[in-house]
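Here are my comments on the model you sent. They are kept to a few numbered points.

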Amino acid sequence: MTTIVWDGTTLATDSLISVNGSTYNHAQKLFQLDNGEWVAFAGEQQEWWEVMEWLNAGAPRNDKPHVTRVEMIIAGPDGVFEMFNKLVRIPVNGPVAYGTGWKWALAAIDHGKSAVEAVEYAKTRDHDSGGEVQSVTPATRAGVPFATMMRDVEAKPEPATT
């Protein structure tokens, strides 16, 4: 499968394509859509192309392709979203990772690593992740580092004044 990661500012993925646990090939897994957004895919490679065509056509609600094994992270000017088989955009509010190496990648993020470093670490632990790391740091409204978001959330609220 693969490892795709969003760390709050950068979208990264490996490039290994595997089939039933065997190395098959290396491929581009990070693409820029016609509207300027970036998308990283995990899952069935054949389904990526259908989803990309649908996204580039404006994602018409009544014309969704039927997909069964696809995970993606989409990042662009309107924010960051995760999307799965039902092809519904779900807003992301912090680091996320998908694919077979997701646990290793999130563990790396938890220890202060960047998205690129998280994919590099996942490659050392997950036999279905490998190859060169592909990454982009898109301009997004959600382009705030996770540590900053957590600091803001964990800050003590100001006392109410009347």
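1. Contact here means heavy atoms within 4.5 Å. The model is a predicted one. By that cut-off, Trp104, Ala105, Ala108 and Ile109 of α2 meet Ala115, Ala118, Tyr121, Ala122 and Arg125 of α3. The residues of this contact comprise 8 nonpolar, no polar and 1 charged.

2. The geometry of the helix pair comes next. Helix α2 covers residues 102-110 and helix α3 residues 115-125; their axes come within 8 Å and cross at roughly 135 degrees. Angles over 145 degrees would count as roughly antiparallel and 65 to 115 as roughly perpendicular, and α2 and α3 are therefore oblique to each other. The crossing of α2 past α3 is right-handed.

3. Turning to the sheet: 4 strands form an open sheet in the order β10-β1-β2-β11, with antiparallel pairing. The edges are β10 (96-99) and β11 (134-136); each has a single partner strand, so one side of each lacks a neighbour in the sheet. From one strand to the next, the twist averages 10 degrees.

4. Within the sheet, strand β1 (residues 3-6) pairs with strand β2 (residues 11-13) in the antiparallel sense, over 3 bridges. Trp6 has Leu11 in β2 as its bridge partner.

5. For α3 they are β1, β2 and β11, and the direction of α3 makes about 155 degrees with that of β1.

Conventions: Residues numbered from 1 in each chain as written. Predicted model: local features only at pLDDT ≥ 70, side-chain atom pairs only at ≥ 80, totals over all residues. Heavy atoms only, no water. Axes fitted to C-alpha atoms, helices over the stretch in contact; angles between N-to-C directions. Helix = DSSP H or I, 4+ residues; strand = E, 2+ residues; numbered from the N terminus. Parallel < 35°, antiparallel > 145°, perpendicular 65-115°, else oblique. Left-handed = near helix turned anticlockwise from the far one by under 90°. Nonpolar A, V, L, I, M, F, W, Y, C, P; charged D, E, K, R; others polar. Pairing = 2+ DSSP bridges.
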